[in-house]
Amino acid sequence: MTAIALAACGEPHRAAAQQYLALAEGMLIANGICTSASDCQRKELLFWEGGEVNLGVVRWGGAYVNLYATQDPALVDAIVSKFKEAHTRQPEPQVTLTVFSSTHSQPKVQFRKVVLK
């Protein structure tokens, strides 16, 4: 009998995901899209997750940041640049930024996705 153990480890990358969220919030604030972190939250522009799944020697997951209601390539490039700077200093975990042109409450229309490994 073969058994496979699937272990979801909660949110082991919570702190990293929140760090990347703060970088994205800073860029939205600097570009006048939000007036503060709470304004970004109220507008439902950014969401994060810091999970991981582990199947013995195979694991996947990391820090995920979703940005909504955005179609500005220059803004996305600026956020990606900030993420790359942070990821160079601390290369773990993998970071995924997914940008949607749709709002959070609408069906998801993906604008861009960037994965930093």
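This is a predicted model: local features need pLDDT of at least 70, side-chain atom pairs count only at pLDDT 80 or more; totals for chains, interfaces and linings use all residues.
Contact here means heavy atoms within 4.5 Å.

**The whole chain**

Display the chain as a cartoon and follow the elements from the N terminus: they run β-α-α-β-β-β-β-α-β-β, which comes to 3 helices and 7 strands. Along its principal axes, the C-alpha trace spans about 60 × 35 × 25 Å. Of the 117 residues, 35% count as buried. Among contacts between residues at least 6 apart in sequence, 59% join residues at least 24 apart.

Next, switch to a surface view. The chain exposes about 7000 Å², of which carbon and sulfur atoms supply 54%. Colouring by charge picks out 11 positive and 10 negative side chains, and the centres of these two sets lie 3 Å apart.

**Helix H1**

Return to the cartoon and select residues 14-30, helix H1. Just after H1, select Gly32, which takes a positive phi of about 75°.

Now show the side chains of the buried residues of H1: Ala16, Ala17, Tyr20, Leu21, Ala24, Glu25, Met27 and Leu28. Their cover includes helix H2 (37-42), strand S2 (46-49), S5, H3 and S6.

**Met27**

Within H1, centre the view on Met27. Is this residue buried or exposed? Met27 is buried, because its relative accessible area is 14% and the cut-off for buried is under 20%. Leaving out residues up to four places away in sequence, Met27 touches Leu75, Ala78, Ile79 and Lys82. For a distance across the model, draw a line from the C-alpha of Met27 to that of Val58: the two residues are 31 apart in sequence and 34 Å apart in space.

In soluble globular proteins, nonpolar side chains tend to be buried together. In this chain, the largest nonpolar core holds 25 residues; select Tyr20, Leu28, Leu46, Leu67, Ile79, Phe83 and Leu97, which touch the most other members. Two or more residues of this core come from each of H1, strand S5 (63-67), helix H3 (73-89), strand S6 (95-100) and strand S7 (110-116). The largest share, 7 residues, comes from H1.

**Leu97**

Finish at Leu97. Which residues are in contact with Leu97, leaving aside its neighbours within four places in sequence? They are Val65, Leu67, Ile79, Val80, Phe83, Arg112, Lys113 and Val114.

Terms used:
Residues are numbered from 1 along each chain as its sequence is written. Side-chain values use heavy atoms; hydrogens and water are left out. Helices (H or I, at least four residues) and strands (E, at least two) are DSSP runs, numbered from the N terminus. Buried means under 20% relative accessible area, exposed over 50%, partly exposed in between (1.4 Å probe, protein chains only). Accessible areas come from the Shrake-Rupley method with a 1.4 Å probe; for residues, only the protein chains shown count as cover. Lys and Arg count as positive and Asp and Glu as negative; His and the chain ends are not counted. The place of a charge is taken as NZ of Lys, CZ of Arg, CG of Asp or CD of Glu. A nonpolar core is a set of buried Ala, Val, Leu, Ile, Met, Phe, Trp, Tyr and Cys residues joined through side-chain atoms within 4.5 Å.
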